[in-house]
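Here are my notes for your first read of this chain. Keep the structure open and check each point against it.

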Amino acid sequence: MNKKQKIQRKAQLILEYGSCCWWCGCNLPPEKLTLDHLKPSSRGGTNSLENLRLACSPCNSSRGNSLFPPKHRQILLSNLGNTVSQDQHASTFGI
Ligand SMILES: [Zn+2]
């Protein structure tokens, strides 16, 4: 993503979810919010809006590449787990 795309994504997410952190819900001005990947890009996550949420810096950095805050972790991991197992299934059969 270039800078312009990031700004556009952020504006769309603010329209959708408000100017607040997806994880802890704190309200912040747009310039303080970061784009956070629900599924980290290092694990195949895309830059689509469905995979992006707004996060404050502490929440974003506390997640790193794979960790979710505890209260969201279970739901998201089960979603991601389904995706991963389907991918593994597909590659096993060469699809
Ligand atoms: Zn936060």
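**Notes on the fold**

1. Start with contacts across the chain. Among contacts in the protein chain between residues at least 6 apart in sequence, 49% join residues at least 24 apart. Two residues are in contact if their C-beta atoms, placed from the backbone, lie within 7 Å.

2. A word on the source. This is a predicted model: local features need pLDDT of at least 70, side-chain atom pairs count only at pLDDT 80 or more, and totals for chains, interfaces and linings use all residues. Residues are numbered from 1 along each chain as its sequence is written.

3. Now the layout. The protein chain has three helices and two strands. From the N terminus on, the order is α-β-β-α-α. Helices (H or I, at least four residues) and strands (E, at least two) are DSSP runs, numbered from the N terminus.

4. How much of the chain is buried? Of the 95 residues in the protein chain, 13% are buried. A residue is buried if 20 or more other C-beta atoms lie within 10 Å of its own, exposed if 12 or fewer, and partly exposed in between; these C-beta atoms are placed from the backbone.

5. Look at helix α1, residues 3–17. Its 15 residues reach 21 Å from first C-alpha to last, close to the 21 Å expected at 1.5 Å a residue. The expected span is 1.5 Å times one less than the number of residues. One of the 15 residues of α1 is buried, so the helix lies largely in the open. G18 follows α1, and its phi is positive, near 90°.

6. Next, the strands. β1 (residues 34–37) pairs with β2 in the antiparallel sense over four bridges. Two strands pair if DSSP finds at least two bridges between them. H37 has L52 of β2 as its bridge partner.

7. L35 lies in β1. L35 has 18 C-beta neighbours inside 10 Å, so it counts as partly exposed. Beyond neighbours within four places in sequence, L35 is in contact with K6, R9, K10, L52 and L54.

8. Which residues make up the largest nonpolar core? They are L13, C21, W22, W23, L33, L52, L54, A55, C56 and C59, ten in all. Strand β2 (residues 52–55) gives the largest share, three residues. A nonpolar core is a set of buried Ala, Val, Leu, Ile, Met, Phe, Trp, Tyr and Cys residues joined through C-beta atoms within 7 Å.

9. Finally, β2 is covered on both faces: L52 and L54 are buried on one side, R53 and A55 on the other.
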